[in-house]
Every structure is written in C-alpha cells, then in structure tokens.
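Hi,

Here is the structure I promised to pass on. Have a look at it first, and then read my notes below.

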Amino acid sequence: MYEFMDFDWNEIAFGSKKALRQLKSTFIVAPREISKKRLAQLIKTYLPKGHLVLGISKDKYVAGLEGQPQFKMLRPETVQEVITRVRQANAPFQLHMLTYNQRDLPFILEKIAFRRIVFINGSWYRGLHLRSEYYILSKQGLPFDMASPFADEAEAKAYATETKLPEIPSEGLFTDKQMIELAQEAACHSYDYASFQTGSALGRRKGRRYELLATSHNKIAPYETYAMHFGSEREKHFSPMHDLNYYDTIHFEVMMLITAQKRCIDLANTTLFANVLPCPHCSRMLAETDIAELVYREDHSDGYAVQMLEHAGKKVRRLILPPRPEV
C-alpha cells in the first residue's frame, strides 16, 4: 500500500517539490463546499487512474466572494470520514492533500506537472477562461476537467434552498447611500460566480429618505445552483465578459420588474438603486418603464445607459461610496 503524504505549499514553495512532482497525480483544485457523497464520487472516478491530490484552501471563501455563505470553501473536517476510509483501503494509489492559499494556484500549476487538473464549478470568481490559470494550462498543454460540486441535481437544488444568506431588510426608510448599500447586499445573494454579481434596491422618496419597496439580484435560472451543477454557459462557450449570448442569469433589472409585477408595485415616481449601471439591453427596457430615477455605483458599457435613460426623461446620477472593508 502506498503511503499518503500531505503537503503545505508554504513549506515547499521555496524548497524541494520532488515528492509532490513524483506522484504524477490528478489534482483536484481546492474546491468550494462539497458533500461526502460528492467527494466519494470524485475519488471513485480519478483514484483508479493514479495518485490523487485534493487541494484544500486556507481561505474560508472563494477569493473575491468573501463573506458569502454560498461560496464557502471546503473544510477537510467536513469530508474527513471519506479521506480516512480511502487511506485505510488497500489500493494501488493514494489520496494526498495539498493546502494553499488561492492566490498561490497559478504558481502551483506552473511548478508541478500534474497528470490532470480537476476544477470544481463555483470555486473561483469570473470565467475560468478569463483567468491566468487557464492560460497556464493552455500553454503547458495540461488536460483538465470541470466538474459539478454536487452529487446529483437533487443535492444541487437542496443546497440552493437550504443555504442561509444574510437577510436584507424588506421595508423601512433609508438614505440614498443606504439604498446603494442595500443594492450591494442584494448583489451578494447572487450565485453568478462566472460573471459579476449585480443587485438593486427599489425605493420611493419620502422627504429626504426612501421607502424600500423591493430588492433584486442577477439570478441564475432556473435555480441558483444550476450553472454550478451543469456548468456555466459562459465558460462552455468561452464567452467574453459582456457577451449575453451565452449567459446563465436573469439580470437584476428584469428580476426587479418581475418582483414588482408579482407584488403589484406601482413603479411611478420610484428610484432604482443599482450597484452597477444597467447594460444597454436593460437600459432600453428600463426606458419604457415608469421608474423615474436611476442611481448607480459603478459604470458599465461606457455609460450607454446614462444617455438612453436621460433621453427617456429619467434622472440619472452616480453615487460613489468608499470601498467595502475586506472580510
């Protein structure tokens, strides 16, 4: 039986990497949360073909999505039972672990000639084909797979409904700065890891404050974990960042209008607060609504929406806030 070895990148980054290199292993890049059942499936798929190295992130969340429960990284204690059972089996190949910070991944891929790389969907922010890791693999000609973090669709749907996200106020009076913050909080409810999290808060002016009517975020359809389970359309088709031909989400503007329709909210004289300026398509749609004002935080599409909405008779202004503190 081959003895298992566990590695810490901080300890071998500037030292000998011979033991890790000699394994010629399949490397499961440090994944987001996965169940014991899902890990067992992955082990069953890859371990019979050679040694397997399971990455474990030292970071609690996917880098760039800190503090968001739907983007927690796998903790070894969650699947320790499976790891122990595999290591005790009399198998020709062994399961090893490599702990590291997510920022170290490009260096790991450059320095270690793994046999194959396995990426678990939802374990990174922005499309994989737009990240440095993809270009390193392409340059080296290393084969890689992209896999679901869920054992089956039932588990994926259950995760989407059972994961507890921070509550957003459903009513109240807020300043314009607080409304923008609410829009950002709403954006953090999005499961869109391959693009950009967007959100909005709809309000009606009451003196110097705004009555909160509803919030929305760019929602994965038909359910939040769909892209994680079946793979992001953007990544499957190597879609550029602003290409909407291959896309998994309903934009926050559309979700807001759907919410308003379901709740019978009168849009007349309302203000839509958004963490990012609407895209051209959504700005044309908003131009046909009774929303009177748009307040946004970040620019998009060279400010197309500003001209479109102002020509439609709506007020548009940008509200810049200090950067959010790191978690």
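So, in what order do the six strands of the open sheet come? Before the answer, one caution: this is a predicted model.

The order is β7-β9-β8-β12-β13-β14, with mixed pairing. At the edges sit β7 (173-174) and β14 (315-318), each of which pairs on one side only. Strand β7 runs antiparallel to β9 (residues 209-217), and two bridges join them. If you want to find that spot, look for Leu-173, whose bridge partner in β9 is Glu-211. Helix α8 (residues 176-187) packs on this sheet and touches β7, β8 (199-206), β9, β12 (270-276), β13 (293-298) and β14. The direction of α8 makes about 155° with that of β8.

Next, a pair of helices. Helix α3 (residues 36-46) packs against helix α4 (residues 80-88) at an angle of about 30°, and their axes are 9 Å apart. Angles under 35 degrees count as roughly parallel, so α3 is roughly parallel to α4. On the α3 side the contact is made by Lys-36, Leu-39, Ala-40 and Ile-43, and on the α4 side by Glu-81, Val-82, Ile-83 and Val-86. Sorted by class, that contact has six nonpolar residues, two charged ones and no polar ones. Lys-36 and Glu-81 turn up again in a network of salt bridges, where they are linked with Arg-85.

On to the salt bridges in general: the count comes to 14. Here are a few to click on:

- Arg-116 and Asp-145 meet at 2.9 Å, N to O. They link distant parts of the chain, with Arg-116 in strand β5 (residues 116-120) and Asp-145 in strand β6 (residues 144-147), 29 residues apart. Arg-116 is partly exposed at 26% relative accessibility, and Asp-145 is partly exposed too, at 24%.
- Asp-299 and Arg-318 meet at 3.0 Å, N to O. Asp-299 is in the loop between β13 and α13 and Arg-318 is in strand β14, 19 residues apart. Asp-299 counts as partly exposed at 43%, and so does Arg-318 at 37%.
- Glu-133 and Arg-131 meet at 3.1 Å, N to O. Glu-133 is buried, with a relative accessible area of 5%, while Arg-131 is partly exposed at 23%.

A few loop residues deserve a look as well. Which peptide bond is cis, with omega near 5°? That one runs from Ala-221 to Pro-222, and Pro-222 is found in the loop between β10 (219-220) and α9.

Two residues have a positive phi without being glycine. Cys-264, with phi of about 55°, is in the loop between α11 (252-263) and β12. Ser-301, with phi near 50°, lies in the loop between β13 and α13 (304-311). Cys-264 is exposed, at 69% relative accessible area, whereas Ser-301 counts as partly exposed at 31%.

Last, is Ser-232 buried or exposed? Its relative accessible area is 2%, and the cut-off for buried is under 20%, so Ser-232 is buried. You will find Ser-232 in the loop between α9 (226-230) and α10 (233-236). Leaving aside residues up to four places away in sequence, Ser-232 touches Tyr-193, Ala-194, Ala-227 and Asp-248.

Over to you!

Methods. Residues are numbered from 1 along each chain as its sequence is written. This is a predicted model: local features need pLDDT of at least 70, side-chain atom pairs count only at pLDDT 80 or more; totals for chains, interfaces and linings use all residues. Side-chain values use heavy atoms; hydrogens and water are left out. Two strands pair if DSSP finds at least two bridges between them. Helices (H or I, at least four residues) and strands (E, at least two) are DSSP runs, numbered from the N terminus. Contact means heavy atoms within 4.5 Å. Axes are lines fitted to C-alpha atoms, for helices over the stretch in contact, and angles run from 0 to 180 degrees between N-to-C directions. Buried means under 20% relative accessible area, exposed over 50%, partly exposed in between (1.4 Å probe, protein chains only). Angles under 35 degrees count as roughly parallel, over 145 as roughly antiparallel, 65 to 115 as roughly perpendicular and the rest as oblique. Ala, Val, Leu, Ile, Met, Phe, Trp, Tyr, Cys and Pro count as nonpolar, Asp, Glu, Lys and Arg as charged, and the others, Gly among them, as polar. A salt bridge is a side-chain nitrogen of Lys or Arg within 4 Å of a carboxyl oxygen of Asp or Glu.
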